[in-house]
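Have a look at the model below and keep it open while you read.

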Amino acid sequence: MGNRPILQPKKGLMQVLWQGETIPIDFSFMETVNRRSGEQVQLCYHCHKCGAGCPVASFMDYTPDKLFRMAQLGLKRQVLSSSTIWLCSACHTCATRCPNDIDVTRVMDTLKQMAVVQKVKSSQRAAAVFHKAFLSNLRRFGQIHEASLMAVLKLKTLNLFSDLKLGLRMFMRGKIALLPKRVKGRKEIRRLFKEIRRRAEVPEESH
Amino acid sequence: MRLSYYPGCSLHATAKEYGLSTRAVCDALGIELVEIPDWCCCGASSAHSLNRTFSIALAARNIAAAQSEGLDIVLPCAACFGNVRTADAALRQDESLRREMEELLSFRYSGKLRVLHLLDVIRNGVGLEAVRRRVVRKLAGLKVAAYYGCLLVRPPEVCGFDDTENPTSLDSLVEAIGAEPVKWSYKTECCGASLALIQPEIVEKLVGEITEMAVEAGASCIATACPLCSTNLESRQKVGLPIFFFTELMGLAFDLEGCEKWLNMHLVGTEQVIEALQAQHPSPHEMTQKEKLL
């Protein structure tokens, strides 16, 4: 049967058999994604243009069009735990070429955010760790300080020794500053982040 | 021409040579850069990945700071350009978002400033003719693969100054300084961007393809307009291909002071390319020095 989902009503819940696993369907999932992204995922008719042009498709577990099909079917957990959403490098090739004008990149961002809010586990944990570390560095200094960002990232991913030589080569060429530049208005930046976070709607699907 | 200048974090750090050469080239072309007071990071890809409003707010803060001078904003970094331009379009079109940002940052969005990439300013604002007039040493014989990457051309409704699938602005600029742009098909392929810090093997594959295609097309170097592309192309390739910022090549052709300093900051040695150029066409600057010695 391959990957073809089979619908199975069970205990009043609609479920699908997906890769040997029975999982519940979330009928509101696609609508939630649409509302949060401002896009229309149901318009995807699977022409595969996005997957064909995607530079990282060969590393993803599902190409964007497959992921959209899964979203249409309501396979929320599978979509939010996929490596696809975190490996998307936001190059906009898919969004530029989509015949239905779906901003695929924006949908990927939305899925990332939903995965973070709902604390969904993923094989690509490092990506979320990186983005969070980047923003916390930004909040702290106002401009990015590479040296401390790298140090935090290494500690958090326990990947201590990768690219040390590269870092050293860049340092020797004066490309990595030891001390951060501090923006005067960093208090304002912190207030901005805090306020925006407070105003963000309480995610109704976080049960 | 006077412009508000948003350098972005990379131009003070990993792409210092881009910052230095941008300043020198703009000076030579009569563009006065007024750095935006107390500008902050645009959030790169992390802000919009985790919360789109963060990204818009950071850009709005920088636009607000630029409004006091009332000058159009120029950005040399492709990623900053993408973010600020996306935010500017959103502020223009989405009234409730604009009100929210105005209230959060206590400013009034004027919508009068244009957000421009440096390549656009030089190619279309200054113009090729003015660039040609400023050239004192044509980079004849230098075969350049003009590499645009993603965010200079995509999404087209945001960037809008060049063709999405086959852009030519950088090629024409390369031609104007006497070098030869090669025809190749990897102009707008993604280098993997921030995946370099998360999944370096992906970036190695993408950068490998880009650099090998450039070599196959006969290029002896790549010219770029993006700090992250440059870092990835330099650090993850295996073919030893020099990577220049387009402003560095312009600096060479204009024979500007400080060239040696920028050109020595690269991870992939640029000496061979420079020596070959100098052997062919000694710069007027160097000739006068030799004449003085004689």
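**A walk through the model**

The crossing of α6(B) and α9(B) is left-handed, where left-handed means that the near helix is turned anticlockwise from the far one by less than a right angle, and right-handed would mean clockwise. Before going on, note that this is a predicted model, in which local features need pLDDT of at least 70 and side-chain atom pairs count only at pLDDT 80 or more, while totals for chains, interfaces and linings use all residues. Residues are numbered from 1 along each chain as its sequence is written, and chains are lettered from A and ligands numbered from 1 in the order in which they are written. Helices (H or I, at least four residues) and strands (E, at least two) are DSSP runs, numbered from the N terminus.

Back to that pair. Helix α6 covers residues 118–126 of chain B and helix α9 residues 169–176 of chain B; their axes come within 10 Å and cross at roughly 60°. Axes here are lines fitted to C-alpha atoms, for helices over the stretch in contact, with angles running from 0 to 180 degrees between N-to-C directions. The two helices, α6(B) and α9(B), are therefore oblique to each other; under 35 degrees would count as roughly parallel, over 145 as roughly antiparallel, 65 to 115 as roughly perpendicular, and the rest is oblique. From α6(B), Leu119(B), Ile122(B) and Arg123(B) meet Ser169(B), Leu170(B), Ser172(B) and Leu173(B) of α9(B), contact meaning C-beta atoms, placed from the backbone, within 7 Å. Sorted by class, the contact of α6(B) with α9(B) has 4 nonpolar, 2 polar and 1 charged residues. Nonpolar covers Ala, Val, Leu, Ile, Met, Phe, Trp, Tyr, Cys and Pro, charged covers Asp, Glu, Lys and Arg, and the others, Gly among them, are polar.

Helix α3 (residues 52–67) of chain B and helix α4 (residues 78–93) of chain B have axes that come within 9 Å and cross at roughly 90°, so α3(B) and α4(B) are roughly perpendicular to each other. Among the residues that meet here are Ala59(B) and Ile63(B) in α3(B), and Val84(B) and Leu91(B) in α4(B). The contact of α3(B) with α4(B) divides into 8 nonpolar, 3 polar and 1 charged residues.

Further along, helix α10 (residues 200–216) of chain B packs on helix α11 (residues 227–236) of chain B at an angle of about 90°, with the axes 9 Å apart. That makes α10(B) roughly perpendicular to α11(B). Asn232(B), Leu233(B) and Arg236(B) in α11(B) meet residues of α10(B) including Val203(B), Val207(B) and Ile210(B).

Now zoom out. Chain B comes to 15 helices and 8 strands. Its radius of gyration is 19 Å, close to the 19 Å that the globule rule gives for 294 residues, so chain B is as compact as a globular protein of that length; the radius is taken over C-alpha atoms, and the rule is 2.2 Å times the number of residues to the power 0.38. Buried residues make up 57% of the 294 residues in chain B. Buried means 20 or more other C-beta atoms within 10 Å of the residue's own, exposed 12 or fewer, and partly exposed in between, with C-beta atoms placed from the backbone.

What about the contact between the chains? It takes 45 residues from chain A and 42 residues from chain B. On the chain A side, α8(A) supplies the largest share, 7 residues. By class, the side of chain A that touches chain B has 25 nonpolar, 11 polar and 9 charged residues.

Finally, some single residues. A cis peptide bond joins Arg154(B) and Pro155(B), with omega about -10°, and Pro155(B) sits in the loop between β5 (143–146) and α8 (156–159) of chain B. Asp255(B) is not a glycine, yet has a positive phi of about 55°; Asp255(B) lies in the loop between α12 (246–254) and α13 (259–263) of chain B. In chain A, Gln19(A) also has a positive phi, about 50°, without being a glycine. Gln19(A) is in the loop between β2 (13–18) and β3 (21–24) of chain A, and is exposed, with 11 other C-beta atoms within 10 Å.

Definitions and conventions:
Two residues are in contact if their C-beta atoms, placed from the backbone, lie within 7 Å.
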